[in-house]
Amino acid sequence: MEFGMTDLIKQRRSIRIFGDEKLSKEDIVNILKAGLLAPSSKNKKPVKFVVVENRDDLDKLRSCKEKGADALYTAACAIAVIADSQKSDVWIEDASVAASYMQLKAEELDIGSVWIQMRKRSNGFSDSETEVRKVLNIPDNYGVLCILALGYKDESRKPYEESDIDYSRICFDKYQ
Ligand SMILES: Cc1cc2nc3c(=O)[nH]c(=O)nc-3n(C[C@H](O)[C@H](O)[C@H](O)COP(=O)(O)O)c2cc1C
């Protein structure tokens with residue numbers, strides 16, 4: 001049977017433990033390509049990506065957030081998903097679509113990923129967006145949505161099954 005888009009969507013799970021091996025440049029570029037091809041409102045393309053592979057900066061990024069960033073301990077690569085908030089009033093939506101596209105592309109390549117939220121988060125002293133901007137020299141007009149932690153999977157997560165799908169969240173015609 002053919003492995004299609006729905007199978008890929010079911011198979012993608014957040015991966016937070018990665019192996020030591022670095023990702024190939026080709027795989028990283030292919031993941032970024034998915035982000036660059038993602039749609040954006042009015043086709044303004046406000047989203048940019050900062051790719052980080054050095055251990056020192058990956059550790060600094062982990063410290064930008066109090067909780068929920070531990071995947072960066074073992075990640076081989078991180079992609080900060082940022083967008084020019086002066087260029088688009090819906091940069092959050094644009095950046096979210098791009099991040100999701102990249103997670104699906106990573107899964108297709110059998111590369112694990114997890115979305116690490118930075119917007120509206122803090123390290124306990126300062127907001128995470130400000131901290132990430134400092135580590136990566138990102139200008140103030142760029143919002144920092146999230147950081148995708150990426151690497152070869154070193155944990156296995158069960159793919160979603162048909163029984164995991166909650167159809168009661170769908171309403172037809174009107175809300176009910
Ligand atoms: C907007 C958003 C923010 C998230 N933030 C974090 C985070 O900061 N740290 C983390 O480990 N996972 C984070 N996740 C991953 C979710 O916890 C995960 O997608 C959810 O538990 C469902 O699991 P799954 O991805 O395996 O389907 C985030 C996901 C989304 C969509």
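Let's start with Arg13: one of its polar side-chain atoms sits 2.8 Å from an oxygen atom of the ligand, a polar contact in the sense of two N or O atoms within 3.5 Å. Arg16 also reaches the ligand, with a side-chain N or O atom 2.7 Å from a ligand oxygen. At Gly68 a polar backbone atom is 2.7 Å from a nitrogen atom of the ligand. On its own the ligand has 610 Å² of accessible area, and the protein covers 62% of that; areas are by Shrake-Rupley with a 1.4 Å probe.

A word on what you're looking at: this is a predicted model, where local features need pLDDT of at least 70, side-chain atom pairs count only at pLDDT 80 or more, and totals for chains, interfaces and linings use all residues. Residues are numbered from 1 along each chain as its sequence is written, and side-chain values use heavy atoms, leaving out hydrogens and water.

Next, please look at the loop between helix H2 (25-36) and strand E1 (47-52), where Lys42 lies. Lys42 has a positive phi, near 55°, though it isn't a glycine. So is Lys42 buried or exposed? Exposed, because its relative accessibility is 69%, and the cut-offs are under 20% for buried, over 50% for exposed and partly exposed in between. Lys45, in the loop between H2 and E1 too, has a positive phi near 50°.

Methods
Helix = DSSP H or I, 4+ residues; strand = E, 2+ residues; numbered from the N terminus. Buried < 20%, exposed > 50% of the residue type's maximum accessible area, 1.4 Å probe, protein only. Polar contact = N/O pair within 3.5 Å; in protein donor to acceptor, adjacent residues only side chain to side chain.
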